[in-house]
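Here is a short briefing to read alongside your model. Please keep the viewer open as you go through the points.

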Amino acid sequence: MPPTLSQIGNQMSALTGVRAIMKDIIETLRANPDESFINLSAGNPVILPEVEQLWRDCTTQLLASPDYGEVVCRYGTSQGYQPLVDAIQKDFNQRYGLNLTDRQILITPGSQALYFLAANAFGGATETGRLKKIVLPLSPDYTGYGGICLTPEALKAYQPTLEIDETAHRFKYRPDFEQLHFDETTGCIIFSRPCNPTGNVLSKAEVKQIADLAAPFNIPVLIDSAYGPPYPSLNYTDIAPILGNNIVHCMSLSKAGLPGERVGIAIGDERIIQILEAFQTNVCIHSGRYGQAIAAQAIQSGALAEISVQVIRPYYQAKLALLQSTLDQHMPSTLPWFLHLGEGAIFAWLWLKELPISDWQLYQQLKRVGVIVVPGHSFFPGLSQDWPHKHQCLRISLTATDEEITIAMQRLVPVIEEVYRSNNA
Ligand SMILES: Cc1ncc(COP(=O)(O)O)c(C=O)c1O
């Protein structure tokens, strides 16, 4: 007999969002070992040889260094391994002309953990029983936000407005400032920039507007920069980190080749950082120090920022260009298909307006031609309203080879054509 679970136990042990779909994908791959699927569902970054070599070199240096014992044989502070904190402080101050102190930086075991800490420190029931919301100002957004709240009803997302270029078959989500509302019941705000799954990048003016609306209520604004500069720099438009009194700039080294080591970084007001640090002490004491130590070297030397711009960004940007040109070439211009503007991250986001079947059904049909993508509906955590758009999108990963991307797009086009055609027949 399995043990009886608490309410939180039930909730946290359930598979949420895209993880539930990943289970279906793994089962499909296992059940059909002889079929060769092109899997465009992956969020796992590609192992790029130059990036792997960087981490190998940093490891060799660490092994040879007198600090090795101190790094792996001892506990450290919850704030993070000091040489890493110092390296980030120095790098950000030099690169962006800032005046950060080392107390404004926190290292977490991956950035997913950081959002868990923030969501539950600032969101949920207050001492007086009032519900503080965790607001996602623009939906769709990162599916992982769906599982971070111990009080799930606290998560609230806002439907965006759409800017559509009918001729180019492109579109872009914008925050709907007419609807967006923060007040004393808002606990914190989170959004990814660049965005997983859409590749959207909120403009500096939009970010400032959100931060300004939140400031009078002292609401922390967490800008999830898992794909942003200076590492991994998976931005294809020119952006820089935005800092401010109520902004927490959040980073991850996962897309810079270190997902296995779990390194997340928060930079913000010391008072906010201290809350997150204390929460982290209670949850897990601190993040692993081996990953932090090699990250410290890669940041100190400038190699990580350099490889991000020289290797990581061009790799995914070229994949995106290939996917865009293949669809432009093969998709009939008469069909209402729209790719989100690719401003960053490692995915393409395809919207099929007035799709006659659901995204889940389309995902099943694509599996039959050997192509696996992610149906889009799981990228709307916290958006309770019934919006048909939620079932009209697909996330396509850019982690496949050029050949796979080309073939997959060529297979996808006739399936989509047939779906629209059979509905009009
Ligand atoms: C937008 C975004 N935020 C956060 C994460 C979590 O990253 P990690 O916990 O590996 O730092 C991911 C992972 O894919 C992501 O895409």
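In which sense do strand 8 and strand 9 pair, and over how many bridges? Strand 8 (residues 186-192) and strand 9 pair in the parallel sense, over four bridges. This is a predicted model, in which local features need pLDDT of at least 70, side-chain atom pairs count only at pLDDT 80 or more, and totals for chains, interfaces and linings use all residues. Residues are numbered from 1 along each chain as its sequence is written.

**Strand 9 and its partners**
- Helices (H or I, at least four residues) and strands (E, at least two) are DSSP runs, numbered from the N terminus, and two strands pair if DSSP finds at least two bridges between them.
- Asp224 of strand 9 is the bridge partner of Ser192.
- Strand 9 also pairs with strand 10 (residues 247-252), in the parallel sense and over four bridges; here Val221 has Ile247 as its bridge partner.
- In a regular strand the side chains alternate between the two faces of the sheet.
- From strand 9 (residues 221-224), Val221 and Ile223 point one way and Leu222 and Asp224 the other way, and all are buried (20 or more other C-beta atoms within 10 Å of the residue's own, with C-beta atoms placed from the backbone; exposed means 12 or fewer, and partly exposed is in between).

**Helix 7**
- Strand 8, helix 7 (residues 204-214) and strand 9 make a right-handed β-α-β unit: with the strands pointing away from the viewer, the path from the first strand over the helix to the second runs clockwise.
- Val207, Ile210, Ala211 and Ala214 are buried in helix 7.
- Seen down the axis of helix 7, these buried residues fall within an arc of 95°, so they line one face of the helix; the arc is that of the directions from the helix axis to the C-beta atoms.
- Ala205 and Asp212 are exposed on the other side of helix 7.

**Around the ligand**
- The ligand is surrounded by 14 residues, and the closest are Gly110, Ser111, Gln112, Ser252 and Ser254 (a residue counts if its C-beta atom, placed from the backbone, lies within 6 Å).

**Gln11**
- Gln11 lies in helix 1 (residues 7-12) and is partly exposed, with 15 other C-beta atoms within 10 Å.
- Gln11 and Leu150 are 139 residues apart in sequence, and their C-alpha atoms are 7.9 Å apart in space.
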